Amino acid sequence: MKADNVIRMQVESRSCNEGFARVAVAAVAAQLDPTLEEVSEIKTAVSEAVTNSIVHGYGDTIGMIYITVKRIGRKIQVVIRDKGKGIEDIERAREPLYTTSTGGERSGMGFTIMETFSDRLRVSSRPGRGTRVTLEKTIYGKDDPR
Amino acid sequence: MEVAFENRGGELLVELIGELDHHAAKGIGQKIDFEICIRRPASVCLDFGKLAFMDSSGLAVIMGRRRTCMEIGIPICLTGVSGSIRKVLLMSGIQKYIKMKEYNYESR
């Protein structure tokens, strides 16, 4: 289906860029007159994906993170892609509280949050090549009678 | 993001202000631990009322401060938790380890 609006950005895997990705998705969602909750949920999901690329994908190295935000009707689709080290076992990575981080800095809740705060989450990865996370969320907006 | 500290009759109120993500989380934990160590409060309360955003990076900040408080033998709680921040906290099951208090509006 053809997108009604597309934003593509690429940022270096520096933690100071996490906020940019959130602003981009919030800007696209704003076109659908979303509720406060809808905006913070999709922002949180995107923040988790970008943080994963920075912390796990690239680790101590700096690489590019490619972010595409699309609006298709009332649906927002966000693709976060990196060319980092990839995920060996995606199923395991998606388990709540599972983390490969050892410093106590990460909680292992990233994928659980992405799953809960989006309608659909797809993860594909190739060890040594990178990871692609696709998040989709329908924005019902403030006028939704539900 | 910013952190503000206030002594409330022996309890150290730690106000988290702004956006708590992985970037902001880096120095925040140490900053709070430092204040706990020099102020020696009877208890600590982390206030999320002025926090506009938090992702899972906040969970590690909370659990780290819980550890600090346990080490020196004082209680710690959370307050001002709402919206998607509340959902993130409940998803993680953190409420099993740390008390969430409703706002006491009279004292504010």
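Student: Which residues in H1(B) meet H2(B), and which ones do they meet there?

Tutor: This is a predicted model, so keep that in mind. From H1(B) you have His22(B), Ala25(B), Ile28(B), Gly29(B), Ile32(B), Asp33(B) and Ile36(B). Their partners in H2(B) are Ser57(B), Val61(B), Arg65(B), Thr68(B), Cys69(B) and Ile72(B).

Student: And by class, what's in that contact of H1(B) with H2(B)?

Tutor: Seven nonpolar, four polar and two charged residues.

Student: At what angle do H1 and H2 of chain B pack?

Tutor: About 15°, and their axes are 9 Å apart. Angles under 35 degrees count as roughly parallel, so H1(B) is roughly parallel to H2(B).

Student: Is the crossing of H1(B) and H2(B) left-handed or right-handed?

Tutor: H1(B) passes H2(B) in a right-handed crossing.

Student: OK, over to chain A. How do H1(A) and H2(A) pack?

Tutor: H1 of chain A, residues 18-30, packs with H2(A) at an angle of about 145°, with the axes 9 Å apart. The crossing of these two is right-handed.

Student: Who's touching whom between H1(A) and H2(A)?

Tutor: On the H1(A) side, Glu18(A), Ala21(A), Arg22(A), Val25(A) and Ala26(A). They meet a set in H2(A) including Val39(A), Ile42(A), Lys43(A), Val46(A) and Ile54(A). The contact divides into eight nonpolar, two polar and three charged residues.

Student: What about H2(A) and H3(B), what angle there?

Tutor: About 45°, with the axes 8 Å apart; H3 of chain B is residues 83-92. That angle makes H2(A) oblique to H3(B).

Student: Which residues do H2(A) and H3(B) use to meet?

Tutor: Glu37(A), Ser40(A), Glu41(A) and Thr44(A) come from H2(A), while Ser84(B), Lys87(B) and Val88(B) come from H3(B). By class, that contact has one nonpolar, three polar and three charged residues.

Note on methods
Residues are numbered from 1 along each chain as its sequence is written. Chains are lettered from A and ligands numbered from 1 in the order in which they are written. This is a predicted model: local features need pLDDT of at least 70, side-chain atom pairs count only at pLDDT 80 or more; totals for chains, interfaces and linings use all residues. Side-chain values use heavy atoms; hydrogens and water are left out. Axes are lines fitted to C-alpha atoms, for helices over the stretch in contact, and angles run from 0 to 180 degrees between N-to-C directions. Helices (H or I, at least four residues) and strands (E, at least two) are DSSP runs, numbered from the N terminus. Angles under 35 degrees count as roughly parallel, over 145 as roughly antiparallel, 65 to 115 as roughly perpendicular and the rest as oblique. A crossing is left-handed if the near helix is turned anticlockwise from the far one by less than a right angle, and right-handed if clockwise. Contact means heavy atoms within 4.5 Å. Ala, Val, Leu, Ile, Met, Phe, Trp, Tyr, Cys and Pro count as nonpolar, Asp, Glu, Lys and Arg as charged, and the others, Gly among them, as polar.
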